[in-house]
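Here is a short briefing on selected local features. Keep the sequence and the model open while reading.

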Amino acid sequence: MTVSARGRIRLWAGLVFATACSSGRTSAPSTTPVPAEGSAATEAPAAPTSAGGIPAAYRLEAPEWWAHAIAQGTRTTTGAPGPNYWQQYASYKLEAELNPVLKRLTGRGRVVYYNRSPDSLPVVYVQAYQNLFREEAKRNQQTPKLGGIDFDRVMAEGKILSSVAKPTEPGYTVTGTIMELRLPKALAPHDSLVMEFDWQFRVPSETAPREGQDGEVWFIAYWYPQLAVYDDVNGWQIDQYLGRGEFYMGYADYDVKLTVPTGWLLDATGTLENATQVFTPQTLARLDSARTGTTIVHVVTEKDKADSVATTKGADGKLTWHWTARNVRDFVWGTSPRYLWDAARAVTDSAKGKITSSSLVSAFYRPEAVRSYWDEAARYGRHSVEFFSKKLWPYPYPHMTAVDGPEGCGGMEYPMLTCIGGTYDSLSLYEVVTHEIGHMWFPMMVGSDEKRYGWQDEGFTQYDQSQAMADFFKGFDDEARNRDYYLRGAQAGYEEEMMKPADRYGNDQSYGIAAYWKPATVLVALREALGRETFEKAFREYGRRWLGKHPTPWDFWNTFDNVTGQDLSWFWKEWFFETWKLDLALDTVQIEGDSAAIVMENRGKAIMPVPLAITREGGGVERVMVPVSVWFGGEKRYTLKVAAKPAITKVEIDPEHGYPDSNRGDEIWSRGRAASSVTPTSKR
Ligand SMILES: [Zn+2]
């Protein structure tokens, strides 16, 4: 999901934006032993051996379930899935009809659940997300109050299950947004279970989060009984849907028939199986040219709508759209009588100048949405799909569609579809389109638990968004924006640790910092510390290892440690589990004979390697990375000795501004100041 530009303004309104300033502290004389002097210090000094490795305060402790997963062989200490890794699977055959007059959706379906776990399951759990809207529902967001979902029929293994059966008998119980099915007989390991459901609910208004209808456009999500995830670390993950915290979904196949009024356009997760039955020859021909050409094609225009020549007539004023999707986390759809449709081909992979794979990128929007630049959305989508395909790995799905949805959607991601509501300028529309498309990689392809570890989905996507924006708006510094939101929020007292379930944050600001801006920012800091190439290699390797699987934070951290060959636990501990501040400072530069002593301080609790740019007379710049281990012994000061000649004119810590330094302004020393000055010049 995106925190929209408007949401962000709302989020930060009322915060006092304190400006960073130089502390002006005087420092105690250095007692830190200075390492043996090298020649000209263009190489990083060796770590002091007295530090004795990573101190306890900076060490990562693995939870009990982690040790269990390692013992079971489902996960590994290298971060790769273990030899005994397993995950459940499901196959959904669903039918639904939307009645826009009654605003009701009626559905029925047959679900096959494959138990690939080594466990026997006497009960299974199904999500009933629409119960977020029940009058009495527990929630941490404002929502409309409706009836929730009504189950008219629930069956398992051919037997009707009753909601009034005794808890000791087969039957079902709905508690909040979770439905428990007590099976006639336990589902054995490696066996499958057939369930059937009939259900209905009133589609919520545009004040619902992430879905709904505004009388014109209908975005239908959380609309069918979806199996909860049963995995090797949690067993059943049945946390309630309260509004803020997002989702954890298993992979499944879908075969779905959707009936809506004739003349409406509809797009959904997957492949449309009956295109020749729902589209006119004109629409089919334009789609074809979009798939094979290089331009944005107006598949359905305003005139086509007026002339009713986009879709076929159907029967009884209705048309049924048949979709299939394989190995996806969810299935959603958007439909409206008012949609226009732009489409273009995105190249997702190529070899030797030849396109080896491509996907159809579309925008569905109302005519008046051009005021929010929706006529650019297909182009934005194409750039995003092509950019991430190159940067991460190729987009694998048959299409990607940006849907102009009800306001409550804000920006919300679903497999192959994003629902985007509200008003935008061109920068913020690109931002939301690229953010939601970024989510196709995390968490759609790399299926983490968003509810418990929001940063593994939102933080990674916020980071990726910044890369796409820098490419699209040449040089646009979205990373600086993220860092600014994080630091200002932290300064205003909203920071809570990142390792916390989304629904346990005190407020939306704290969740925003912990799930979006802080993780995106610390990834940049890690990239600065490791070097871009190493960072990107590890980031991609994490994705490759966990593609279509369920990684935990430990799998991410261990993969980084494994790929980089470094023990980065100090970094994971301080940024993910703590709310420590980073405050690196240059104290002074002193000439001592042939050497220049660069004295730096660590005034915060967080530690980082120190990237330095040393400028000398004549303009030459040396780059030095002081290893993080110089702080392992709890040192607050560290002196780096370099050659005094040619004369040093300027020294700067973190010259790329990749670190979230809470007190920027004490990172630069420049000649002209007294050599022993303890208040270096402030640049910004
Ligand atoms: Zn998001």
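Helices (H or I, at least four residues) and strands (E, at least two) are DSSP runs, numbered from the N terminus. The model is predicted: local features need pLDDT of at least 70, side-chain atom pairs count only at pLDDT 80 or more, and totals for chains, interfaces and linings use all residues. Residue numbers start from 1 along each chain as its sequence is written.

**Backbone: positive phi**

- Most residues other than glycine have a negative phi, and most peptide bonds are trans.
- Lys352 sits in the loop between strand E20 (340-351) and strand E21 (354-365). Its phi is positive, near 50 degrees, and Lys352 is not a glycine.
- Lys352 is exposed, with 5 other C-beta atoms within 10 Å. The classes are these: buried means 20 or more other C-beta atoms within 10 Å of the residue's own, exposed means 12 or fewer, and partly exposed lies in between, with C-beta atoms placed from the backbone.
- Lys103 also has a positive phi, about 55 degrees, without being a glycine. Its place is the loop between strand E1 (89-99) and strand E2 (104-114).
- Lys103 is partly exposed, with 17 other C-beta atoms within 10 Å.

**Backbone: cis peptide bonds**

- The bond from Phe442 to Pro443 is cis, with omega near 15 degrees. Pro443 belongs to helix H8 (residues 440-445).
- The bond between Lys645 and Pro646 is cis, with omega about -10 degrees. Pro646 lies in the loop between strand E29 (637-643) and strand E30 (648-653).

**Helix packing: H9 and H10**

- Helix H9 (residues 458-472) packs against helix H10 (residues 478-491) at an angle of about 145 degrees, and their axes are 8 Å apart. Axes are lines fitted to C-alpha atoms, for helices over the stretch in contact; angles run from 0 to 180 degrees between N-to-C directions.
- H9 contributes Gln462, Gln465, Ser466, Met469 and Ala470 to the contact, and H10 contributes Asp478, Glu479 and Asn482. Two residues are in contact if their C-beta atoms, placed from the backbone, lie within 7 Å.
- Two of the contact residues are nonpolar, four polar and two charged. Nonpolar covers Ala, Val, Leu, Ile, Met, Phe, Trp, Tyr, Cys and Pro; charged covers Asp, Glu, Lys and Arg; the others, Gly among them, are polar.

**The loop between H9 and H10**

- Phe473 is in this loop, between H9 and H10.
- Phe473 is partly exposed, with 14 C-beta neighbours inside 10 Å.
- From Phe473 to Asp304 the separation is 169 residues in sequence and 33 Å in space, C-alpha to C-alpha.
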